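I opened the notebook to record what I looked up in this structure. The entries follow in the order I made them.

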Amino acid sequence: MSEDNAQEIVLSLEIDDPALAARLATLLGNVAGLRLAAPGEQATATIVARDTPGDIALTQRELDVLALMAEGASNKMIARQLGISVHTVKFHVGSLLDKLDATGRTDAVAHAARRGVIEL
């Protein structure tokens, strides 16, 4: 490293989301005194962003529905409690099953608890 590069920071990115990694690389590529590490190159610092099990993007309403599901409430009971239609509850339950990669209501609650989304 030359004297001109003595203060240079070599940064590596370990980011699961390719779009986010590309955006950060573009933004950081223009910062003076900072250089992105080449593949296999030793870095001074690393930015790490991994998808973790608790990182599930649920809306507040989905969290409300999930909490009531965890208590064993039926769609009709959830609808009454939240002041929404049974159809809307079914929509939210379907969305939860997809987001949690669950096969049913009980499985959704179990997945959410394992991932730290809710506490039982």
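Before the first entry I noted a term: a crossover is right-handed if, with the strands pointing away from the viewer, the path from the first strand over the helix to the second runs clockwise. I took helices (H or I, at least four residues) and strands (E, at least two) as DSSP runs, numbered from the N terminus.

I also wrote down the ground rules. This is a predicted model, where local features need pLDDT of at least 70 and side-chain atom pairs count only at pLDDT 80 or more, while totals for chains, interfaces and linings use all residues. Residues are numbered from 1 along each chain as its sequence is written, and side-chain values use heavy atoms, with hydrogens and water left out.

Entry on the strands. I looked up β1, helix α1 (residues 18–28) and β2, and found that they make a right-handed β-α-β unit. I counted two strands as paired if DSSP finds at least two bridges between them. β1 and β2 run parallel and are joined by 3 bridges. Within this pair, I found Val-10 bridged to Arg-35 in β2. I then checked β1 against strand β3 (residues 45–49), and the two pair in the parallel sense over 5 bridges. Here Glu-14 stands opposite Val-48 in β3.

Entry on the salt bridges. How many salt bridges does the count come to? I used the rule of a side-chain nitrogen of Lys or Arg within 4 Å of a carboxyl oxygen of Asp or Glu, and the count comes to 4. One of them joins the side chains of Arg-35 and Glu-8, at 3.3 Å from N to O. Arg-35 lies in strand β2 (residues 34–36) and Glu-8 in the segment before β1 (9–15), so this pair ties together parts 27 residues apart in sequence. Arg-35 also meets Glu-41 in a salt bridge, at 2.8 Å from N to O.

I looked up exposure next, with buried meaning under 20% relative accessible area, exposed over 50%, and partly exposed in between (1.4 Å probe, protein chains only). Arg-35 is partly exposed at 31% relative accessibility, and Glu-41 is partly exposed at 30%.

Another salt bridge links Glu-62 and Lys-99, whose closest N and O atoms are 2.9 Å apart. Glu-62 lies in helix α2 (residues 60–70) and Lys-99 in helix α4 (residues 86–99), so the pair ties together parts 37 residues apart in sequence. Is Glu-62 buried or exposed? I found Glu-62 buried, at 4% relative accessibility, and Lys-99 partly exposed, at 35%.

Entry on the core. I defined a nonpolar core as a set of buried Ala, Val, Leu, Ile, Met, Phe, Trp, Tyr and Cys residues joined through side-chain atoms within 4.5 Å. The largest one has 20 residues, and those with the most contacts inside it include Val-65, Met-69 and Leu-100. The helices α2, α3, α4 and α5 (105–114) each supply at least two residues of this core. Its largest share, 4 residues, comes from α2.

Last entry. I looked up Arg-80 in helix α3 (residues 75–82), and at 60% relative accessibility Arg-80 counts as exposed.
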